[in-house]
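Have the viewer open as you read.

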Amino acid sequence: MKQLKCIFRVALLMVTGFFAAAQSPKNITVKLDGHKADIKQTMWGIFFEDINLAADGGIYAELVKNRSFEFTTPLMGWKEQRKGVVGGSLWVLNRSASNQNNPRYIRIQNALSGNYGITNEGFRGMGIVKDKQYDFSVWARWPKGSKVKLRIELVNAKGEIMGTARLAGGTDEWKKYAVSFMSTATEPRAELAVWFEGKGSVDLDMISLFPKDTWKSRPGGLRADLVQLLADLKPGFIRFPGGCIVEGRDLANRYQWKKTVGKIEDRELIINRWNTEFANRSTPDYFQSFGLGFYEYFLLAEDIGASPLPILNCGMACQFNTAELVPTDQLDPYVQDALDLIEFANGSTQTKWGRLRAAMGHPAPFHLKMMGVGNEQWGPQYIERFTYFAKAIKQKYPSMQLVNSVGPNPDDDRFHFLNDTLRKMKADILDEHYYKPPEWFLQNAKRYDDYDRKGPKIFAGEYAAHSAGIPNGKTKNNWRSALAEAAFMTGLERNADVVNMASYAPLLAHVDGWQWSPDLIWFDNLQSYGSPNYYVQKLFSNNRGSYVVPVEMNQQVMAGQDSLYASASIDKGTNELIIKIANTVGKEQSVSFNLDGWKKTDANAAFTYLHSDDMNAVNSFGMPLEVAPVSKEVEVKNKVLNTILLPNSFSVIRVTL
Ligand code: AHR
């Protein structure tokens with residue numbers, strides 16, 4: 001279907017090209033000798049936050065929900081199963097005196113007869129694939145004399161068995177046991193059952209099930225399809241762990257990186273702040289196990305070639321929630337967390353935190369060069385707290401670049417206060433956020449043209465075009481929003497001397513477990529797809545040039561004249577000119593690019609475009625490529641590239657120089 005559409009479009013272009021040649025094309029000049037700004041390697045990146053089941057239930061491939069019984073309701077996700085059972089009991093026990101981080105476990109007294117067991121429902125079920133290996137593990141101890149064995153089963157939605165394994169008894173000391181088995185079927189909503197056989201009792205904790213096939217086949221690792229979608233973006237940086245999750249609804253609920261590193265079974269679980277944030281998308285079973293913790297984030301960054309950009313709590317809880325503040329005379333532990341994080345990422349293996357990094361498997365440094373202090377904070381309270389951080393960090397690590405909040409909105413009083421104050425303070429990088437209607441993106445394509453070239457650099461740290469507000473489900477990742485973002489992003493690229501980084505937000509969403517929409521990538525338990533917005537990001541990121549060159553129409557930048565938005569750059573590595581152009585009107589436009597200053601005259605060019613006749617078009621599991629890049633070749637003759645831009649389309653043209 002996609003191919004047919006493509007052939008039809010090419011034919012249409014040939015016909016319309018003929019008539020358009022008769023009309024006068026829009027004359028566009030690309031000045032190949034002009035060097036407007038270098039484009040940083042970090043320019044196009046990604047924003048990761050554990051929202052919409054992005055981590056637990058998403059990219060973190062653990063299939064068992066509430067594996068350690070630490071949810072507020074200890075048996076949430078679990079069910080006791082009693083088939084013709086006499087006797088048999090399950091107790092939730094607490095050993096907080098000896099294990100503060102993971103105090104709860106369950107004690108099973110097996111039934112005298114019948115089938116007694118427990119089942120776990122997974123995160124909206126478990127996605128299981130036929131003929132793939134699954135690795136079951138559990139922490140357990142058997143009282144002396146207990147004869148209890150474990151029979152592990154994967155069952156489909158009809159209750160049919162799809163894979164089974166057995167674990168015999170062990171010692172009366174806590175120990176990890178593991179067994180692997182194959183699945184005989186594919187099922188998006190499987191459950192895990194653990195049945196008990198034999199007389200006696202057993203204590204269980206950290207009941208876990210992972211697919212063997214994770215990203216880079218790491219045991220207990222990440223979902224390969226989702227990481228691949230991220231890697232395909234070739235992101236320049238990855239911001240983590242958020243977002244508001246950094247701040248917490250209150251300070252106790254804030255993200256504390258030190259609690260997310262070290263042994264998995266020692267990482268203290270907390271409630272996910274998105275759990276009940278939105279009444280209409282309430283997700284009471286949303287917690288953070290921190291199986292994806294700061295070590296794993298750094299590793300992910302390294303795997304996908306992205307610079308790590310951690311954001312830390314600055315002593316302020318979310319100002320949309322409690323706005324709880326740490327008194328400045330009690331900020332030291334927060335500041336110390338920031339200093340220790342730098343040591344964890346970059347420090348020698350002789351240092352306390354560098355040693356931990358090495359013990360976790362990565363003696364080499366992670367090359368951390370920048371970090372954020374605070375997420376969406378505002379007010380003088382933020383400045384006051386940031387000052388403490390900046391002083392301590394810059395004193396010990398003068399080259400560390402600090403990212404500052406300028407609030408949740410790019411043009412209100414909160415923004416202006418922070419923007420003015422931080423500029424006076426000579427801040428390094430300002431983190432601007434905009435969740436706005438598509439029209440705002442079109443109207444703001446020149447936002448950075450007048451920014452102070454000598455002031456702080458800009459990080460467009462969270463943005464997305466929202467047509468109908470959040471998070472009511474009406475705001476879709478449709479072509480209208482993606483095209484508006486593409487048009488706006490040409491303005492980011494044109495101003496690459498000021499805007500050094502940009503990331504769409506949020507990144508990931510489970511179709512059955514999201515809280516916030518729109519999102520860049522959608523997935524269920526088995527599949528995933530990129531939205532039209534994803535392909536816009538991919539086209540920008542995969543076609544990042546080395547430096548910006550001027551592209552003009554009527555001697556002016558192209559930021560809305562005749563509904564056209566464009567930027568151009570040179571890729572020094574491949575010696576190519578890259579033109580990006582959005583046509584945001586519902587009619588095709590004939591354009592003539594004059595390659596001013598080019599030594600050659602003729603060449604072939606690769607032309608890749610995104611287009612839909614329907615501004616409401618979205619991608620889906622059924623049609624994941626409904627709006628996706630299509631490529632063809634065009635010619636440059638006598639230094640001129642004539643082409644037709646489809647109605648409401650975004651195109652990237654690469655000319656070998
Ligand atoms: O991206 C979702 C949320 O939007 C982020 O957590 C927050 O920083 C912003 O308000």
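Let's start with the rings: F48, F240, Y255, W257, F290, F294, Y295, Y297, F298, F344, W353 and F366 make up one aromatic cluster. This is a predicted model, where local features need pLDDT of at least 70 and side-chain atom pairs count only at pLDDT 80 or more, while totals for chains, interfaces and linings use all residues. Residues are numbered from 1 along each chain as its sequence is written, and side-chain values use heavy atoms, with hydrogens and water left out.

For pairing, rings of Phe, Tyr and Trp (its six-membered ring) must have centres within 6.5 Å; planes under 30 degrees apart are stacked, over 60 edge-to-face, and the rest tilted. That rule gives 44 aromatic pairs. Two of them are tabulated here.

| Pair | Type | Centre to centre | Angle between planes |
|---|---|---|---|
| F71 and F287 | stacked | 4.0 Å | 20 degrees |
| F320 and W378 | edge-to-face | 5.2 Å | 65 degrees |

Helices (H or I, at least four residues) and strands (E, at least two) are DSSP runs, numbered from the N terminus. As for burial, buried means under 20% relative accessible area, exposed over 50%, and partly exposed in between (1.4 Å probe, protein chains only). F71 counts as buried because its relative accessibility is 3%, and F287 is buried too, at 5%.

What about the other pair? F320 sits in the loop between β16 (307-312) and α4 (332-346), and W378 in the loop between β17 (370-373) and α6 (380-396), so their pairing ties together parts 58 residues apart in sequence. F320 is partly exposed at 47%, whereas W378 is buried at 16%.

W378 also has the charged end of R414 over its ring, 4.5 Å from the centre. To count, NZ of Lys or CZ of Arg must be within 6 Å of the ring centre and within 35 degrees of the ring normal. R273 likewise lies over the face of W274, at 4.5 Å from the ring centre.

Now for the helix. Of the 16 residues in α9, 15 are buried.

Last, the loop residue: V511 lies between β22 (508-510) and β23 (521-523) and is partly exposed, at 26% relative accessible area. Setting aside neighbours within four places in sequence, V511 contacts W522, F523, D524 and F621, where contact means heavy atoms within 4.5 Å.
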